[in-house]
Number of protein chains: 2
Amino acid sequence: MYTIHEACEKTGLAAHTLRYYEKERLLPNVSRSRGGFRQYSDEDLEALGLICCLKNTGMPLSDIARFMELTREGDQTLRERCELLKRHKEVVKGRMSEMERHLEKVTHKLDHFSRMLSEYEKEME
Amino acid sequence: MYTIHEACEKTGLAAHTLRYYEKERLLPNVSRSRGGFRQYSDEDLEALGLICCLKNTGMPLSDIARFMELTREGDQTLRERCELLKRHKEVVKGRMSEMERHLEKVTHKLDHFSRMLSEYEKEME
DNA sequence: TATTGACCTAGAGTTAACTTCAAGTTCTAT
DNA sequence: ATAGAACTTGAAGTTAACTCTAGGTCAATA
């Protein structure tokens, strides 16, 4: 079992954030010591890994909370969870190719500015 | 010259958003009709194109405002603007490859769930 | 035993980027 | 001339995801 501090180190999240995620039902069943301190298990850290993974790919916390609720419901939601992940992957891929397009536009703008710059510098001679 | 409504159509932004951008000094010098209505010129729309381009690639509005301030300062800031755009491009590329890594992790998780699912379904037979 | 540092809670505050509201003004078409 | 649509303003409200505060409790050490 790990303290909240250790869980922070392993996940890269702040302690405030871990408590916030608990309140938001991303990982609501973390066990406690006699004194009321949080104790993270290996499964908790595993779950946090998945949570970060989804968060890092832009899934809103409310959707992650729903996903984790399904997880707690057990194996009979495995199919649904697979579907959700597949759909999420497609969404992320879509966003990435859109970003690619946007980046190309930036490149065009930069080319334009570069040409303007060299004209300007020619004039300055 | 175009009304704010026409500017909305050409940029895909809401009228409220255009006014907000004006207040935030992204494009603060839009001219006005006698009655005080905004009149967007072709250069304004061109500038809005760049603004959207930067926004769509994740540049914060405050940075865009700074960029547009440089633009208003004229050609002697062309070099600086080119540098800024180049740096921005690198930042965006970095984010995209990071996202690629994150997406791979999602793929791994999905594979894991898929394997668990087929085991589960075998048991169910 | 006393101190110190890590942890607890509920609730308030922050940030970015809008979005809505209320109330008034201007433009356009009959 | 007037109805109604489109536009104006400043200010308040919204959302997501934190982040911080205040006032306490718990645990390890001297």
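Which residues touch the most other members in the largest nonpolar core? In this predicted model, where local features need pLDDT of at least 70, side-chain atom pairs count only at pLDDT 80 or more, and totals for chains, interfaces and linings use all residues, they are Leu18(A), Tyr40(A) and Ile51(A), out of 34 residues. A nonpolar core here is a set of buried Ala, Val, Leu, Ile, Met, Phe, Trp, Tyr and Cys residues joined through side-chain atoms within 4.5 Å, with buried meaning under 20% relative accessible area (1.4 Å probe, protein chains only). Residues are numbered from 1 along each chain as its sequence is written, and side-chain values use heavy atoms, with hydrogens and water left out.

Helix α3(A) gives the most to this core, with 8 residues. Tyr40(A) has contacts (heavy atoms within 4.5 Å) beyond four places in sequence with, among them, Met1(A), Leu18(A), Val30(A) and Leu48(A). A second, separate core holds 29 residues, including Leu18(B) and Cys52(B).

As for the interface, 35 residues of chain A meet 35 residues of chain B in contact. The buried area (accessible area, 1.4 Å probe, that two parts lose on being put together, summed over both) comes to about 3,500 Å², with carbon and sulfur atoms giving 79%. The rule finds 4 salt bridges across the interface of chain A and chain B, a salt bridge being a side-chain nitrogen of Lys or Arg within 4 Å of a carboxyl oxygen of Asp or Glu. Lys109(A) pairs up this way with Glu46(B), the closest N and O atoms being 3.6 Å apart.

Notes. Chains are lettered from A and ligands numbered from 1 in the order in which they are written. Buried means under 20% relative accessible area, exposed over 50%, partly exposed in between (1.4 Å probe, protein chains only). Helices (H or I, at least four residues) and strands (E, at least two) are DSSP runs, numbered from the N terminus.
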